[in-house]
Amino acid sequence: MARIEPIEQRQIGALAAQIAQQLGVSVDVPGFSTLTVPLAELVNVDRWLKAVRLVAGRHGWKVRTAIGRGVAWATDLRAQ
């Protein structure tokens, strides 16, 4: 029987692909620093945070994610 992937997981995967594309070549280079997105631009903040962590996990690096002062952000912890 075929495995059916939940809609939320597909949406997170699609968003993760967009985030990885935004990071471009810096994905495999330590120290991309911080990625920020205004909350007003996000349809679902929790989904964005999960997608950023998914991108990090796929590339074997660590990020810290948070929400504050009107933005969602992710900071690269590899260079620290």
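## A tour from the sheet outwards

Begin with strands β1 and β3, which run antiparallel and are joined by 5 bridges. Two strands are taken to pair if DSSP finds at least two bridges between them. Helices (H or I, at least four residues) and strands (E, at least two) are DSSP runs, numbered from the N terminus. The model is predicted, so local features require pLDDT of at least 70 and side-chain atom pairs count only at pLDDT 80 or more, while totals for chains, interfaces and linings use all residues. Residues are numbered from 1 along each chain as its sequence is written, and side-chain values use heavy atoms, with hydrogens and water left out.

**The whole chain**

Display the protein chain as a cartoon. Its secondary structure comes to 2 helices and 3 strands, and reading along the sequence gives the pattern α-β-α-β-β. Of its 80 residues, 30% count as buried. Here buried means under 20% relative accessible area, exposed over 50%, and partly exposed in between (1.4 Å probe, protein chains only).

**The sheet**

Next, select the 3 strands together: they form an open sheet in the order β1-β3-β2, with antiparallel pairing. β1 and β2 (63-68) stand at the edges with a single partner strand each, so one side of each has no neighbour in the sheet. Neighbouring strands are turned by 15 degrees against each other on average, direction ignored. Strands of a sheet pair through backbone hydrogen bonds, either parallel or antiparallel.

Contact means heavy atoms within 4.5 Å; axes are lines fitted to C-alpha atoms, for helices over the stretch in contact, and angles run from 0 to 180 degrees between N-to-C directions.

**Strand β1 and L35**

Now colour β1 by face. L35 and V37 make up its covered face, whereas T34, T36 and P38 lie on the uncovered one. L35, at 15% relative accessibility, counts as buried. Which residues does L35 touch, not counting residues up to four places away in sequence? They are I19, Q22, L23, W48, A72, W73 and A74. A distance drawn between the C-alpha atoms of L35 and V71 reads 9.8 Å, although the two are 36 residues apart along the chain.

**The two helices**

Select α1. Its 17 residues should span 24 Å at 1.5 Å a residue, and its end C-alpha atoms are 25 Å apart, which agrees; the expected span is 1.5 Å times one less than the number of residues. Buried in α1 are I12, G13, L15, A16, I19 and L23, and the buried residues of this helix pack against β1 and α2.

Select α2 next. Its 15 residues should span 21 Å, and the end C-alpha atoms are 22 Å apart, which agrees. R47, W48, L49, A51, V52, V55 and A56 are the buried residues of α2, and they pack against α1, β1, β2 and β3. Zoom in on A51 to see its contacts with I12, L15, A16 and I19, not counting residues up to four places away in sequence.

**The nonpolar core**

Show side chains for the largest nonpolar core, which has 18 residues; I19, L23, W48, A51, V52, V55 and W61 have the most contacts inside it. α1 (7-23), β1 (34-38), α2 (45-59) and β3 (71-76) each supply at least two of its residues, and the largest share, 6 residues, comes from α2. Such a core is a set of buried Ala, Val, Leu, Ile, Met, Phe, Trp, Tyr and Cys residues joined through side-chain atoms within 4.5 Å.

**The salt bridge**

Finally, select R47 and E8. The structure holds 1 salt bridge, and it is formed by the side chains of R47 and E8 (3.0 Å, N to O). R47 lies in helix α2 and E8 in helix α1, so the pair ties together parts that are 39 residues apart in sequence. A salt bridge is a side-chain nitrogen of Lys or Arg within 4 Å of a carboxyl oxygen of Asp or Glu. Are the two partners buried or partly exposed? R47 is buried, with a relative accessible area of 17%, whereas E8, at 31% relative accessibility, counts as partly exposed.
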